[in-house]
Amino acid sequence: TGYTLQLEPTDIVDIETLVRACGIKHVIKVNPNDMGKMRDAFKKAMSFSEPSVIITRWPCALKKFSKEDKQEFKNLFTEKYRVDGEMCIGCKQCTRTGCPAISFSNKYKVSKISKDQCVGCGVCQQVCPAQAIGKVER
């Protein structure tokens, strides 16, 4: 993170440099919120006959973003998402992402996204087979 537990600036370890220093030739960097690119990265990494490493680059949604985060990642979770209850088929794929903003109503058999907890990563939208999840219009 570049900060100690006491929030004082410190050195940042460059993971890619460290991995390459260990002799790994195949290093793939990817945004973990892009499910398609993650899937492609896994396929590529598994295709090598020697070790490979996937490095995900995106700040944790649960931490306070530092000025460095804001400089490196321009669109830090600027959107919010919602479930269209009419389109939701109750498959619970979105709940399997582990997102704390998503809940499922057993009574109505639909998912719901808390607007106060949604950080806007978009993973839920990518996994929804019914395309029932969309961005909240501002």
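## Cavity, cysteines and a surface patch

The largest cavity holds about 80 Å³ of space. Of the 15 residues that line this cavity, those closest to its centre are Cys 88, Cys 91, Cys 94, Ser 111 and Cys 128. The count of cavities of 30 Å³ or more comes to one. The structure is a predicted model.

Cys 128 belongs to this group around the cavity centre, and its relative accessibility of 14% places this residue among the buried ones, because buried means under 20%. The closest cysteine sulfur to that of Cys 128 is in Cys 91, at 5.9 Å. A disulfide requires two cysteine sulfur atoms within 2.5 Å, so the separation between Cys 128 and Cys 91 is too far for a bond. The model as a whole contains zero disulfides by this rule.

Cys 22 provides a contrast in exposure: this cysteine counts as exposed because its relative accessibility is 62%, and the cut-off for exposed is over 50%.

The surface also carries a nonpolar patch of about 280 Å², made by Val 13, Ile 15 and Leu 18. Val 13 lies in the segment before α1, the helix that spans 15–21. With a relative accessible area of 55%, Val 13 is exposed.

The accessibility values discussed above are set out here.

| Residue | Relative accessibility | Class |
|---|---|---|
| Cys 22 | 62% | exposed |
| Val 13 | 55% | exposed |
| Cys 128 | 14% | buried |

Note on methods: Residues numbered from 1 in each chain as written. Predicted model: local features only at pLDDT ≥ 70, side-chain atom pairs only at ≥ 80, totals over all residues. Heavy atoms only, no water. Buried < 20%, exposed > 50% of the residue type's maximum accessible area, 1.4 Å probe, protein only. Patch = residues over 30% accessible without salt bridge, like charges linked within 9 Å, V, L, I, M, F, W, Y side chains within 5 Å. Areas by Shrake-Rupley, 256 points an atom, 1.4 Å probe, with all protein chains shown as cover. Salt bridge = Lys/Arg side-chain N within 4 Å of Asp/Glu carboxyl O. Helix = DSSP H or I, 4+ residues; strand = E, 2+ residues; numbered from the N terminus. 1 Å grid on protein atoms, 1.4 Å probe; cavity = no way out; pocket = protein on both sides within 12 Å on 5 of 7 lines; lining within 4 Å. Points joined across faces, edges and corners; volume = space filled by probe spheres on them.
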